[in-house]
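Reader: Please show me the sequence and the structure, then take my questions in turn.

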Amino acid sequence: LFDPYGHGWHLDRPRFDAFVRDAAVAAGADLPRATLLARSGGRLTVRQHGSGAGSGDDSGAGTVAELHTRWTVDATGRSCVVGRRHGRRHRQDRLVAVYAVLPGRHAAEGTGPEDAEARTLVEAAPAGWWYTTRVPAGRLVAHLTDPDLAAPSLRTPQGFWHGVTRTDHVRRRLERYDPAATPVPRWTPAHGVRLGPAAGPGWVAAGDAALAFDPLSSQGILTALHTGARAGQTVAACLAAPARAAAALADYTAFLDGVADAYRRNHAYAYDQERRWPQSPFWRRRRTHGAPLPGTA
């Protein structure tokens with residue numbers, strides 16, 4: 001990685017997210033915990049779960065209530081709870097991630113000290129790519145591929161570990177780990193996706209709700225913070241000068257277009273570097289029509 005700002009950071013996401021929420025509360029924000037049930041104009045119907053930033057109580061039936069707001073920012077991630085009701089989501093491809101976190105305390109006996117390797121490792125493979133890094137809970141291992149190319153055995157701990165053994169570099173990173181401690185792998189969407197439009201009268205989308213990236217970009221958190229800040233500035237501008245709201249929303253859309261254009265170029269460049277398997281469906285798809293992100297201007 002060549003970055004003028006030096007090495008990146010490995011974030012403990014639950015702690016980081018809590019830090020951001022606490023900072024918002026300290027700045028004066030009210031942070032009820034609720035599930036959005038419906039939105040009609042400036043009226044939100046929600047099911048509230050506990051109260052306060054630190055309650056952590058998201059269980060139970062909760063209480064249905066109405067919230068009235070002049071503007072709504074959709075920061076609900078890939079679920080895009082608000083934005084999907086106003087725009088269309090354009091998917092880049094069908095990329096999925098199958099992953100497992102190997103607990104650090106289950107290193108095989110006699111294999112040396114605890115895993116202290118903090119560097120991120122990405123390894124290309126015929127049907128996709130593998131990724132591993134240390135996280136607070138242990139070591140994250142993920143395989144990125146298309147659903148129709150994923151071996152059914154990847155759904156089992158034994159099959160997932162067998163996939164690891166077929167890699168060259170990832171398997172060496174896992175030499176201290178006990179295969180028997182592999183948990184049941186989980187699956188999650190990982191494709192790039194763009195919401196169009198990502199803003200309109202009374203609402204804007206930010207983060208993954210507006211623009212989600214292929215994890216190979218390593219730009220998800222940065223883009224979420226960047227678009228979140230710009231979305232806030234856009235809403236502030238609309239509140240300060242309602243007559244210029246349309247222009248402010250157009251500026252925000254142009255900003256998202258610029259981010260999407262840069263991502264599209266970098267995505268095409270990164271995937272074009274791999275030339276070892278020219279007949280592989282995974283790599284061929286991304287060379288021919290995987291790079292563009294539909295819905296961009």
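Reader: With which residues is Arg-39 in contact, leaving aside its neighbours within four places in sequence?

Author: This is a predicted model, in which local features need pLDDT of at least 70 and side-chain atom pairs count only at pLDDT 80 or more, while totals for chains, interfaces and linings use all residues. Residues are numbered from 1 along each chain as its sequence is written, and side-chain values use heavy atoms, with hydrogens and water left out. Contact means heavy atoms within 4.5 Å. On that basis, the partners of Arg-39 are Leu-44, Thr-72, Val-82, Arg-85, His-86, Pro-201, Gly-202 and Trp-203.

Reader: Which side chain of opposite charge is nearest to Arg-39?

Author: Arg-39 is buried, that is, under 20% relative accessible area, where exposed is over 50% and partly exposed is in between (1.4 Å probe, protein chains only). Lys and Arg count as positive and Asp and Glu as negative, with His and the chain ends not counted. Arg-39 has no salt bridge, defined as a side-chain nitrogen of Lys or Arg within 4 Å of a carboxyl oxygen of Asp or Glu. The nearest side chain of opposite charge is 8.7 Å away and belongs to Asp-74.

Reader: How many residues apart in sequence are the parts that Glu-66 and Arg-43 tie together?

Author: Glu-66 and Arg-43 form a salt bridge, with their closest N and O atoms 3.4 Å apart. Glu-66 lies in strand E3 and Arg-43 in strand E2; strands (E, at least two residues) and helices (H or I, at least four) are DSSP runs, numbered from the N terminus. The pair therefore ties together parts whose separation in sequence, in residues, is 23.
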